[in-house]
Amino acid sequence: MRIGGEFEINPKDLKGLPDFSPKSNILLYSNGRSALMAILSHIKKTNPSIIHIPYYICPSVVFACEASDFQIHFYELNSSFSFPIENLESIKKNEVLLCVNYFGFIESNLLFQRIKEDRPDIIIISDQVQSFWKNEDIWPDYSFTSFRKHFPTPDGAIVVAKNTELNHNKYFDTNTFFWPKFIGSVLKHYHVHDSVYLKFLKEGECKIDATNEITKASEIAYYIFENTNFETIKQKRKENYKLIFELGTKHGLNFLFPYNENTVPLCVPIILESRDSVKASLHSSNIFLPIHWPLADYNSTSLISQRMAEKELSLVIDQRYSTAEMEYQINCLIKSL
Ligand SMILES: Cc1ncc(COP(=O)(O)O)c(C=O)c1O
């Protein structure tokens, strides 16, 4: 049994690809970063290039804002992992506010409604990269998500824009990272030695980090987007989430968010005092759990970012895993405490 790590790709799942041409004319971007940059380049045409983002954020979002020449103002989240509404006045006319649906657990519709009613000038971007199923909330001006954290695809991201179209009048190149990511994911499927497929996945990450332009998705992402049964995946994730929450609660695990049957989580965060040693000892049981996120220079003074960087561990509950694998994950975790 092996739990965690990037998705593998079974070439059989792409058997229609050689004859495929996308049915819809939706533009898919290469990843969350590209989607965000596309939104920012659209906003920039008519608004000041100033964006408010949470301190607790992954470096790729900061990178996308900087690459789009936006001035960044950081804000500290409140205890519900939301933008503190009492700080609304710190946002000047027509500036941009980015809010994140962390792990898929943050319900922001009421907050967005209040902001829009009080300050319709503020442009809201909802970052739904960790929540594929919430991308179409009604209040934000823009929301975006990314596919590769949710499905076996090397790339792909989508933007939903309200009352406007991201009319770029421009041709975007297809990204170059999808190819090494694809090869690595297929090799992983064929159980080659870890060092072999990881070399390709790493090469893909390096290519992502080296790109500061908006790029579009590969045909593989279009194919996956049009041929995936999202409903089945959603149900499986919800089942695994429910099970892991029940098992974890029995053993007294400290879940960051209470159980919510409407949530389709990316993964399920818990807080552990001895997070690093637990994470390391799980490796010997072939369990590789992610953390969100290590501290960076822009957020080293943020208390929430510090706590998460030190103590958060993400339990995986995605569609790859059976009930037995969920039980194995919890049993190994409890043993390593
Ligand atoms: C909340 C959030 N936003 C944006 C991104 C960037 O997405 P991508 O890696 O697809 O560029 C990530 C990536 O981890 C993320 O977690």
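Start at the interface of domain 1 and domain 2 and look for salt bridges: there are zero across it. Keep in mind that you're looking at a predicted model. Polar contacts are another story, with nine residue pairs counted between domain 1 and domain 2, both partners at pLDDT 80 or more. Now colour the domain 1 side that touches domain 2 by residue class, and you'll get 17 nonpolar, four polar and two charged residues.

The contact draws 23 residues from domain 1 and 26 residues from domain 2.

Domain 1 and domain 2 bury about 2,400 Å² between them, and 73% of that is on carbon and sulfur atoms.

Last stop, the ligand. Show the 14 residues that surround it; among the closest are Ser 146 and Arg 148. Then go through some of the polar atoms:

- Gly 32: a backbone N or O atom sits 2.8 Å from a ligand oxygen.
- Asp 127: a polar side-chain atom is 2.6 Å from a ligand nitrogen.
- Lys 149: an N or O atom in the side chain is 3.1 Å from a ligand oxygen.

Finally, hide the protein and look at the ligand by itself: taken alone it exposes 390 Å², and the protein buries 95% of that.

Conventions: Residues are numbered from 1 along each chain as its sequence is written. This is a predicted model: local features need pLDDT of at least 70, side-chain atom pairs count only at pLDDT 80 or more; totals for chains, interfaces and linings use all residues. Side-chain values use heavy atoms; hydrogens and water are left out. Contact means heavy atoms within 4.5 Å. Buried area is the accessible area (1.4 Å probe) that two parts lose on being put together, summed over both. A salt bridge is a side-chain nitrogen of Lys or Arg within 4 Å of a carboxyl oxygen of Asp or Glu. A polar contact is a pair of N or O atoms within 3.5 Å; within protein, one must be able to donate a hydrogen and the other to accept it, and residues adjacent in sequence count only if both atoms are side-chain atoms. Ala, Val, Leu, Ile, Met, Phe, Trp, Tyr, Cys and Pro count as nonpolar, Asp, Glu, Lys and Arg as charged, and the others, Gly among them, as polar. A residue is near a molecule or strand if one of its heavy atoms lies within 4 Å of it. Accessible areas come from the Shrake-Rupley method with a 1.4 Å probe; for residues, only the protein chains shown count as cover.
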